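I opened the model to look at its surface and its aromatic rings. My notes follow.

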Amino acid sequence: MQQQSVLDQASSPVSLGEALLYWLKLGFISFGGPAGQIAMMHTELVEKRRWISEQRFLHALNYCMVLPGPEATQLAIYIGWLMHGTLGGVMAGVLFVLPSLGVLAGLSWIYLTYDDVPVIAGILYGIKPAVVAIVLAAAWRIGSRTLKNRWLVAIALLAFLAIAVVDLPFPLIVLSAAAAGVIGSRMLPHQFQLGGAHGASHQSYGPALIDDDTPTPEHALFRPARLAAVCAAGLLIGTAVWLLVAWASGGMHSPYSQMSWFFTKAALLTFGGAYAVLPYVYEAAVETFGWLTGPQMIDGLALGETTPGPLIMIVAFVGFVGGWTKEVLGPGHLALAGFIGACVATFFTFLPSFIFILAGGPLVESTRDNIRLTAPLTAISAAVVGVIVSLALFFAQHVFHTERPFAQWDFAAVAITALACVALFRYKAGAMGLLAGCALAGLVVSYLR
């Protein structure tokens, strides 16, 4: 009976309304970062609902892993597109991001309005040391998967020194790593041929609606004219919205216009996830444009860790604080200016992801069983590890106040970070439980002080 139920489920088409409800639900419960979000989609779509087979799921994931941008979001767009065409892909991506935007905008307003309330300050005091541990854990997780030989370890070390000591721009580090990968693929090809993070799998959960041998849907067939049309439409939409933002906010040099262009560039550099691009975002948002301060950036990452959706949604916090701080709409409309800033940052950060999937998906479907990580992307992944370690160091300096004499460091924050590291590395604690425990510790320390 159970096998017959699986067969019936796999042969029944999924309505657009049913898919809409699932993607909306996922948007509200997608905690745990990209690994947790991908695991949720696999459990629900591959194992339980049988909307897509294991091999088709991994094939889509491998493509998303080599793209810049949030891979979990792109995977949702890909599966939504494969099932229901362009409308399905847009729906899946928007619903995956929209709840996070709303929650983070609300938290940003609370943060800017009530940041001096002792309870809020105590919670943030405990969460910020936890963020240091979470970033270190991310570096370890990516490094253990990526740094498989001494050449890749060397690239990671050089990337760390380049950004932490020499202060080279992040885009230059990415380009240098890609060049090293090209050279390495010719001189030491076996050292730069790492498998995908998720690898191949022969696990089967029974027949699926989109199975291993299911023919590619009509809308997913590759056509050069369609590729050109989607790319042109994406560029046209992005340019039109950018010009509209510039016109409505006072010119090309207004904060919203600057956000539009900057977050488009940042979206194209997010190899390795949000942690890798955050130093680049920090440099521009804090030092170049002055949208927020360094401590506010750390607070924003702490808030981002507590909300569903992709971690790169911290850009919504940056946009909100930037719109508020710059008083784009005048001193009487700070909240509205902040919300518009959050929307602008979010739109231009995620637009490239939609273009990558809707334009490249048909090409990927036409080359199933051939897609693989290239040597330049392998080298970039290695460099990303060094960049993430530098990010943890940067946060630690601000959280522990290492600019002070050693005796005046914040050793309570150091202790919270150490305990968080033990919880993450030794006991594999979940992010939400860890943040809740550290927030409680922060309240206790603040009360005792």
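I built patches from residues with over 30% relative accessible area and no salt bridge, joining like charges within 9 Å and nonpolar side chains (Val, Leu, Ile, Met, Phe, Trp, Tyr) within 5 Å. A salt bridge is a side-chain nitrogen of Lys or Arg within 4 Å of a carboxyl oxygen of Asp or Glu. Areas are Shrake-Rupley with a 1.4 Å probe, and for residues only the protein chains shown count as cover.

The model is predicted: local features need pLDDT of at least 70, side-chain atom pairs 80 or more, while totals for chains, interfaces and linings use all residues. Numbering runs from 1 along each chain as its sequence is written, and side-chain values use heavy atoms, without hydrogens and water.

**Surface.** I found a nonpolar patch of about 980 Å² accessible area together; Trp109, Tyr114 and Leu448 are among its residues. Helix α17 (431-448) and helix α5 (71-114) each supply at least two residues. The largest share, 5 residues, comes from α17. Helices are DSSP runs of H or I, at least four residues, numbered from the N terminus.

**Rings.** I paired Phe, Tyr and Trp (six-membered ring) with centres within 6.5 Å; planes under 30 degrees apart are stacked, over 60 edge-to-face, the rest tilted. I got 19 aromatic pairs. Phe262 and Tyr280 are tilted, at 5.3 Å and 45°. Phe262 lies in α10 and Tyr280 in α11, 18 residues apart. Both are buried (under 20% relative accessible area; exposed is over 50%, partly exposed in between; 1.4 Å probe, protein chains only). Phe347 and Phe348 are edge-to-face, because their planes stand at 80° with centres 5.0 Å apart.
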